Amino acid sequence: QVQLVESGGGLVQPGGSLRLSCAASGSIFSIDGMAWYRQAPGKQRELVAAISSGGSINYSDSVKGRFTISRDNAKKTMSLQMNSLKPEDTAVYYCNADVWVTLLFRSAYWGQGTQVTVSS
């Protein structure tokens, strides 16, 4: 069994910063891509940022220049530093990872989500 646990969400004023973390645990052989998604009320879940096991990074246009994704392969963790937050960044943020449970079996896993609210 694989678990992804997010932490670091909360309430912040516009222009403020938050740092989200995701920790993977359980039966893990290795982890390929990891990513952060978010879902605002009434909207579809959208990709925020993704990072490969080799460190290649992609950002959505809406967060480029404000958010920074990183990961520690040895610790099986991923982070999202969010700066210059805007009210439109308000959403539940989810951690996603493509995990090789064994040499022959890979599956995508999701965390439970952490709420980020940007409001004055």
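Mentor: Let's call a residue buried under 20% relative accessible area, exposed over 50% and partly exposed in between (1.4 Å probe, protein chains only). This is a predicted model, where local features need pLDDT of at least 70, side-chain atom pairs count only at pLDDT 80 or more, and totals for chains, interfaces and linings use all residues. Residues are numbered from 1 along each chain as its sequence is written, and side-chain values use heavy atoms, leaving out hydrogens and water.

Trainee: OK, how many of the 10 residues of S9 are buried?

Mentor: Strands here are DSSP runs (E, at least two residues), numbered from the N terminus. S9 is one that is mostly covered. Of its 10 residues, the buried ones number 7.

Trainee: S9 keeps turning up. How many bridges does it share with S4?

Mentor: Two strands count as paired if DSSP finds at least two bridges between them. S4 and S9 pair in the antiparallel sense, and Met34 stands opposite Ala97 in S9. The bridge count for S4 and S9 is 8.

Trainee: What about S11: which residue there is the bridge partner of Tyr93?

Mentor: S9 and S11 run antiparallel, joined by 3 bridges. Over in S11, its bridge partner is Thr114.

Trainee: How many residues lie between S9 and S10 in their hairpin?

Mentor: S9 and S10 are antiparallel too, with 5 bridges joining them. One place to look is Asp98, which stands opposite Ala108 in S10. Between the two strands of the hairpin, the number of residues is 5.

Trainee: Nice. What is the angle between the planes of Tyr94 and Trp110?

Mentor: The whole structure holds 2 aromatic pairs, which means rings of Phe, Tyr or Trp (its six-membered ring) with centres within 6.5 Å; planes under 30 degrees apart are stacked, over 60 edge-to-face and the rest tilted. Tyr94 and Trp110 are edge-to-face, at 6.5 Å centre to centre, and their planes make an angle of 85°.

Trainee: How many residues apart in sequence are the parts that this pair ties together?

Mentor: Tyr94 is buried at 14% relative accessible area, whereas Trp110 is partly exposed at 40%. Tyr94 sits in S9 and Trp110 in S10 (residues 106-110), so the pair ties together parts whose separation in residues is 16.

Trainee: Which residues belong to the ring cluster?

Mentor: Start from Tyr94 and Trp110, the edge-to-face pair. Ring pairs link these two with one further tyrosine. The cluster is Tyr94, Trp110 and Tyr37.

Trainee: Which residue lies over the face of Tyr94?

Mentor: A charge sits over a ring if NZ of Lys or CZ of Arg is within 6 Å of the ring centre and within 35 degrees of the ring normal. For Tyr94, the distance from the ring centre is 3.7 Å. The residue that lies over Trp110, at 4.6 Å from the ring centre, is Arg45, and over Tyr94 you also find Arg45.

Trainee: Where are the edges of the open sheet of 4 strands; which strands are they?

Mentor: The order is S1-S3-S8-S7, with antiparallel pairing. Each edge strand pairs on one side only, and these are S1 and S7.

Trainee: Looking at S7 and S8, which residue in S8 stands opposite Arg71?

Mentor: S7 and S8 run antiparallel and are joined by 6 bridges. Lys76 lies in the loop between them, with a positive phi of about 60° although it is not a glycine.

Trainee: Last one: what is the angle about the S-S bond of Cys22 and Cys95?

Mentor: The whole structure has 1 disulfide, meaning cysteine sulfur atoms within 2.5 Å, and here S to S is 1.9 Å. Both Cys22 and Cys95 are buried. The link is left-handed, at -65°.
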